[in-house]
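Here is a short report on one protein chain.

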Amino acid sequence: MGTDRIFEELGDTISRTAKAISEKADGFLEIQKMNSKVNAQKRQIGKSLEKLGALVYQRYVDGEQMDLELSGICDEVTQHKMAKAEYEEELARLQGKKVCPACGKTLHKDAAYCSYCGAPCEKEADEEAEETEEVFEEVSAPEEEVQDMYAESKEESETEE
Ligand SMILES: [Zn+2]
């Protein structure tokens, strides 16, 4: 085998390898593209389901009759909303601020009125920070409020019929 032939064969091998690599790269790129298409659709599905859930929850809050499966999940949402509000209030307190009872925006703890919605705000941040026992009592209070809310919405839907 002459030197020329060796280089010729080497050249063939190199070009075959290069072709295989570029085919692999093309395949990889195609997989990546398809993957991002799948993920984009997943996000859209998530968004639509979220919208659907928000709509169902709003109707539940407005007193619409629902089966137990749906109303059970709506209960969960209410519980989490109340816990979130409580933690936000606690967070505001830790930061020397308070939360507007009407719109939920964070305000200076001494603010008498909300600068966002104009609602009057009680000047209570200082007392609560001092008395830890009161804070614990407050934590257990919301459950009753939830039950009251449901009782009200049930009454409303009953009178509508
Ligand atoms: Zn407000």
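## Helices and core

H2 has 27 residues and reaches 39 Å from its first C-alpha to its last, close to the 39 Å expected at 1.5 Å a residue. The expected span is 1.5 Å times one less than the number of residues in the helix. Helices (H or I, at least four residues) and strands (E, at least two) are DSSP runs, numbered from the N terminus.

This is a predicted model: local features need pLDDT of at least 70, side-chain atom pairs count only at pLDDT 80 or more, and totals for chains, interfaces and linings use all residues. Residue numbers start from 1 along each chain as its sequence is written.

The protein chain holds 5 helices and 2 strands. Their order from the N terminus is α-α-β-β-α-α-α.

Helix H1 covers residues 3-61; its 59 residues should span 87 Å at 1.5 Å a residue, and its end C-alpha atoms are 86 Å apart, which agrees.

| Helix | Residues | Number of residues | End-to-end C-alpha distance | Expected span |
|---|---|---|---|---|
| H2 | 68-94 | 27 residues | 39 Å | 39 Å |

A glycine with positive phi follows each of these helices: Gly63 after H1, near 95 degrees, and Gly96 after H2, near 70 degrees.

How do H1 and H2 pack? Their axes are 10 Å apart, at an angle of about 90 degrees. Axes are lines fitted to C-alpha atoms, for helices over the stretch in contact, and angles run from 0 to 180 degrees between N-to-C directions. H1 and H2 are therefore roughly perpendicular, a term for angles of 65 to 115 degrees. Val56, Tyr57 and Tyr60 in H1 meet Leu70, Ser71, Cys74 and Val77 in H2. Contact here means C-beta atoms, placed from the backbone, within 7 Å.

Which residues of H2 are buried? They are Cys74, Glu89 and Ala92. A buried residue has 20 or more other C-beta atoms within 10 Å of its own, with C-beta atoms placed from the backbone. The buried residues of H2 pack against H1, strand E1 (97-99) and strand E2 (106-108). In H1, the number buried is 1 of 59 residues, so H1 lies largely in the open. Of the 161 residues of the chain, 6% count as buried.

Ala92 also belongs to the largest nonpolar core, with Val99, Cys100, Leu107 and Cys121. Such a core is a set of buried Ala, Val, Leu, Ile, Met, Phe, Trp, Tyr and Cys residues joined through C-beta atoms within 7 Å. Leaving out residues up to four places away in sequence, Ala92 touches Lys97, Lys98, Val99 and Thr106.

Conventions: A residue is buried if 20 or more other C-beta atoms lie within 10 Å of its own, exposed if 12 or fewer, and partly exposed in between; C-beta atoms are placed from the backbone. Two residues are in contact if their C-beta atoms, placed from the backbone, lie within 7 Å. Angles under 35 degrees count as roughly parallel, over 145 as roughly antiparallel, 65 to 115 as roughly perpendicular and the rest as oblique.
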